[in-house]
Amino acid sequence: MNSLVWSHKPLLVQFRQWTNQQRRGRRGRRTRNDNHQKRKTTLTLLITDPEEDIEDLFSEKEVKQIRVSLLEWYDENQRELPWRQRSGSESDGGDEEKRAYGVWVSEIMLQQTRVQTVIEYYNRWMKKWPTIHHLSQASLEEVNEMWAGLGYYRRARFLLEGAKMIVDGGGGFPNIVSALLKVPGIGNYTAGAIASIAFNEAVPVVDGNVIRVLARLKAISANPKDSLTIKKFWKLAAQLVDPCQPGDFNQSLMELGATVCTPLNPSCASCPVSGQCRALSMSKHDSSVLVTDYPIKVEKTKQRHDISAACVVEILGGQDGSEINLPDSRFLLVKRPDEGLLAGLWEFPSVMLDEEVDLTRRRKEVDCFLKKSFSLDSKKNCSIVSREDVGEFVHIFSHIRLKVYVELLVLRLKGGMNDWLEKQNKGTMAWKCVDNEALSNMGLTSGVRKVYTMVEKFKQKGSTTNSIPSRKRTSSKKLRCS
Ligand code: SF4
């Protein structure tokens with residue numbers, strides 16, 4: 001079991017001796033906070049090669065102890081989560097596919113999203129599409145609607161594509177890691193989770209929680225984002241996974257990271273594997289070492305700063321008798337391109353801005369877009385009823401900080417809505433007009449929902465002060481586009 005050794009002990013020992021000297025020298029001269037900061041810097045600067053830091057695998061004795069302790073603890077302490085519930089047929093081993101489907105959906109939802117948020121989404125999803133066969137019949141539109149608010153919409157698209165691929169293939173749910181990896185959107189982690197939990201394949205999983213637990217158990221101070229280090233975490237996890245209960249063991253390791261060995265306040269006193277934890281042992285012998293020093297914090301890549309102007313275009317019902325049955329007004333929605341950020345999702349018309357510009361310039365950009373894309377031109381086919389600057393907000397994506405300026409543009413079409421709709425060349429961009437009720441019930445991304453909520457609040461404020469606030473009423477009577 002222990003034939004694979006990554007020991008670079010002389011270097012490691014030298015490093016530890018050096019850091020201990022540094023710590024001893026510092027002791028008494030600095031406050032605890034100073035020490036903590038300095039220690040983190042030292043670890044970050046000195047450890048560059050994970051080969052130097054991860055000295056070996058677990059011993060056989062450690063492996064046995066960790067397996068037993070974690071499985072016992074998991075039996076007693078696991079949280080009740082909907083994707084862990086088994087139907088009668090599943091617990092008899094009769095419906096592994098159904099379990100695999102549930103694990104797959106939950107694991108994809110849980111990526112980048114908190115458990116409490118996922119529970120409601122998961123329950124709604126399983127009610128609508130209880131099996132992979134149901135999901136394979138869904139449209140991308142339906143799936144996006146169901147996913148609205150969870151973010152990272154590519155995940156939803158991959159779930160749908162994966163379901164179609166598996167069902168169309170006719171060979172049943174893939175039940176080993178190598179086959180699962182061929183399904184769109186399933187990577188090493190998800191494949192390991194499905195194979196071990198649903199099909200009992202003795203394979204490991206490594207996610208953020210597992211990395212934190214392993215980094216502390218082995219006091220690993222190599223950069224946890226480094227690909228070599230990640231490979232070694234996989235090796236450690238593979239060594240630990242219990243061959244008889246791989247699914248429960250993997251879940252126990254993740255559960256420990258999520259509930260006990262947390263990033264900032266680990267509960268070491270109640271940890272079932274504290275006896276095997278090197279970081280804890282080091283911290284007991286050297287007060288300048290904290291278990292939270294592991295894994296080391298890696299600087300995040302800087303976010304891109306983007307700016308956009310979103311325009312909620314509300315088109316009032318027609319003024320001729322032929323449209324008497326139309327709803328009072330409709331809102332213009334545009335579908336984003338099929339690739340890239342928020343691919344294929346609906347949003348209010350918006351334009352990206354190269355830099356901060358004033359309101360006049362923003363409106364000019366918006367007007368050009370509306371004229372070019374929808375032939376909305378106040379000189380020809382519409383009149384502006386009102387145009388209001390509603391406000392702004394910042395929406396954070398993982399790698400983008402998007403500042404959004406929001407305005408409400410209320411239009412009346414000169415020839416009526418139907419006439420305008422008929423004349424539209426649909427072109428390559430998909431768009432639609434929906435009434436207020438449809439818009440309220442649509443699955444919108446959280447950013448678009450925020451725009452809509454801002455506009456709704458703005459209108460309510462206007463109505464309580466006897467219509468739209470006059471100080472914000474615009475003098476503009478034209479959609480300007482030079
Ligand atoms: S003893 Fe503390 S640091 Fe070590 S694994 Fe347990 S909770 Fe984490």
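Two strands pair if DSSP finds at least two bridges between them, and strands here are DSSP runs (E, at least two residues), while helices are runs of H or I with at least four, both numbered from the N terminus. Before you click, note that residues are numbered from 1 along each chain as its sequence is written. The model is predicted, so to speak of local features takes pLDDT of at least 70 and side-chain atom pairs count only at pLDDT 80 or more, though totals for chains, interfaces and linings use all residues.

**Stop one: strand β1.** Look for A310, whose bridge partner in β4 is S350. Finally, show β2 (residues 329–335), which pairs with β1 in the antiparallel sense over three bridges.

**Stop two: two helices.** Pick α4 (residues 60–77) and α15 (residues 246–259). They pack at about 80°, with axes 9 Å apart; axes are lines fitted to C-alpha atoms, for helices over the stretch in contact, and angles run from 0 to 180 degrees between N-to-C directions. That makes α4 and α15 roughly perpendicular (the word covers 65 to 115 degrees).

**Stop three: the ligand.** Which residues come nearest to the ligand? Of the 14 around it, they are C261, P266, C268, C271 and C277 (near means a C-beta atom, placed from the backbone, within 6 Å). Then colour α13, which gives the largest share of the shell, three residues.

Conventions
Parallel < 35°, antiparallel > 145°, perpendicular 65-115°, else oblique.
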